[in-house]
Amino acid sequence: MKLYCLSGHPTLPCNVLKFKSTTIMLDCGLDTTSVLNFLPLPLVHSPRLSKLPGWNSKDGTLNLEKELKECAGRVFVDSQPEFCLPERELLDLSTIDVILISNYHCMMALPYITEHTGFTGTVYATEPTLQIGRLLMEELVNFMERVPKAQSATCWKNKEIQRMLPGCLKDAVDVWTWKRCYSMQEVNSALSRVQLVGYSQKVELFGAVQVSPLSSGYSLGSSNWIIQSHHEKVSYVSGSSLLTTHPQPMDQSSLKNSDVLILTGLTQMPTANPDGMLGEFCSNLAPAAMTIRAGGNVLVPCYSSGVIYDLLECLYQFIESANLGTTPFYFISPVANSSLEFSQIFAEWLCNNKQSKVYLPEPPFPHAELIQTNKLKHYPSIHGDFSSEFRQPCVVFTGHPSLRFGDVVHFMELWGKSSLNTIIFTEPDFSYLDALAPYQPLAMKCVYCPIDTRLNFHQVSKLLKEVQPLHVVCPEQYTQPPLTQSHRSDLMLELQPPPMPYRRCSVLNLPFRRRYERVYILPELANSLVPSEVKPNVSIATVSAVLHSKDNKHTLQSVPKPPPLPPTKKRKRVMEEPPLVPAPKRLLSGVVPLETFLTTLQKHGITEVKVEETADGHILHLQAEDTLIQLEEDGTHIVCDNEPLRTTLRDLVLRFLQKL
């Protein structure tokens, strides 16, 4: 069993598992942190961004003014943002049989895999994962296509040039593999390969293994996966949460008795308490309320699905308590309407508390009431209706959290120069300082309140003690404390045996040997067997059969009888005898007890016996007869030149053994 690791990002994994003749891709996350190296894409022409000076090396040997721009001491690529894809050279991706998706954040690289590698397999995901993943992809494509850039910067990627660049660009990894965003046509083609599954539904793969999704408690439809054969079990845990929010709670018991547990997607905020994250956001709304009362605006960069459902719920309660009922709240995304509607219709994927509301009938999320009362308004973009209905002060939820594309760029340019305004970062995927870098100098207030409800190290250690897998495989980042807190041994996995770490482009041979295979026996063949009891409650029977294997299912069938020979045309009919099939040798079972055997030899006149103990048993040297008898666990050997004596010794040994 092998594991190929195609991504270096622990919360955006992409691994390939080779297990019992099947090749299974576990997630295909897209590392979007690479976009932080690019200039923002403004929806409206930005004089500030267009006037940024080009970058030249200090010694004047490098002139990349057209490709690189300088802002507040940082250098950015002036081109369409590009993404760091999963590694595609480590193995032939066209050989992948299936792709298992754990949540909608971990499927964003799917079109790159299915459309450009010769992939012909099937993708398995839950319905909310598919539909919300489609929305996130559609939003990403829309953000990019709204602001096309004619030029494409490539010179800076030259290895010799990159080595001389400043800061983050110099350290960027695999820049030649970075790619622009896919098209909507590629998205639709990729998602047409998805087959929907429900929690605990068992899916057979070629008769070799069975895969089944379990609720992971992180987001709508998010899953952990069980991959098992008749005798082996692999658990894949990715993006799981024990926090009680809107999704179904995590199924932990089904992870027990795993031979290997592959662990990814732990929290990116290991020092924060996940239980208090949403409460902390609400407490950070107090300065936001002060901002609004002072006539300023609040900007919340976020994804169009996921935590925003809980943020809107917090806001709903906060509005009531802070007497800010007249302040408008705007949710701006190309897929805003679809996202809000989807969250209300996936009732069976919600926690029990929210499921029960559906049957009252009440909408499970309060944002439906916010929309009905006009406290929350949603728009596809800043153009159209929004521009005529927009009024300040207000709170705006919009994307993209990287601040490099989407409607958020316009609000950063619009509000960034005033200290009356506040920006609240809730997504942990991007460093807020790096996200703000191309907008410096910045006057608006900044509040960093990341919300990441995934498992922390304390929770996952407790979980692993309960489910007790034989082996744990995880990203190497989880086997050592963070660089900034090297003294914190509690911020890493400490297990016995130690976990097997992986990094991008590594191939692991998992410590996992297949010992058994299930074989079926046909009824008529089973009827012909004659079992012999070798010890209490254990019977053995010999069988002569043909082993038939198809689609990883093995069956023992009766040996076919030879067909009758056709009569020959010769006058002299010769009766040809069928070939003789030798009868199978009878098998022997049991143990030759040393002391009893020596007593038996004495009764037969053999008294001079020297016994020597070996690693496998004993050697008996019959000195007068010049004979050796090797007594071992799985066999007995008699070395003797005297044939009558050898036959006698053989018969004495056979007295202690059972014939099958």
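## Salt bridges between domains 1 and 2

A salt bridge here is a side-chain nitrogen of Lys or Arg within 4 Å of a carboxyl oxygen of Asp or Glu. By that rule, three salt bridges cross the interface of domain 1 and domain 2. The structure is a predicted model, in which local features need pLDDT of at least 70 and side-chain atom pairs count only at pLDDT 80 or more, while totals for chains, interfaces and linings use all residues. Residues are numbered from 1 along each chain as its sequence is written, and side-chain values use heavy atoms, with hydrogens and water left out.

A search of the whole structure gives 15 salt bridges. One of them pairs the side chains of Asp434 and Arg74, with 3.3 Å from N to O. This pair links distant parts of the chain, since Asp434 belongs to helix α14 (residues 432-436) and Arg74 to strand β5, 360 residues apart. Another salt bridge is formed by Asp407 with Arg146, whose closest N and O atoms are 3.1 Å apart. Helices (H or I, at least four residues) and strands (E, at least two) are DSSP runs, numbered from the N terminus.

## Domain layout and interface

The chain is divided into domain 1 (2-266 + 454-509), domain 2 (275-448) and domain 3 (588-659); these bounds come from an automatic or database domain assignment. Taken over C-alpha atoms, the centres of domain 1 and domain 2 are separated by 25 Å. In contact (heavy atoms within 4.5 Å) are 47 residues of domain 1 and 46 residues of domain 2. The buried area, meaning the accessible area (1.4 Å probe) that two parts lose on being put together, summed over both, is about 3,900 Å² between domain 1 and domain 2, and carbon and sulfur atoms give 68% of it.

On the side of domain 1 that touches domain 2, the elements giving two or more residues are α1 (47-50), β5 and α3 (127-146). The largest share of that side, 13 residues, comes from α3. By class, the side has 28 nonpolar, twelve polar and seven charged residues. In this scheme Ala, Val, Leu, Ile, Met, Phe, Trp, Tyr, Cys and Pro count as nonpolar, Asp, Glu, Lys and Arg as charged, and the others, Gly among them, as polar.

Strand β4 (residues 68-71) runs antiparallel to strand β5 (residues 74-77), and four bridges join them. Two strands pair if DSSP finds at least two bridges between them. Lys69 has Phe76 of β5 as its bridge partner. Two residues lie between the strands of this hairpin, where Ala72 takes a positive phi near 50°.

## Backbone features in loops

Gly399 and His400 are joined by a cis peptide bond with omega of about 15°. His400 sits in the loop between β17 (395-398) and α13 (408-415). A cis peptide bond also runs from Gln440 to Pro441, with omega near -5°, and Pro441 lies in the loop between α14 and β19 (445-448).

Asp27, a residue other than glycine, has a positive phi near 70°. Its place is the loop between β3 (22-26) and α1.
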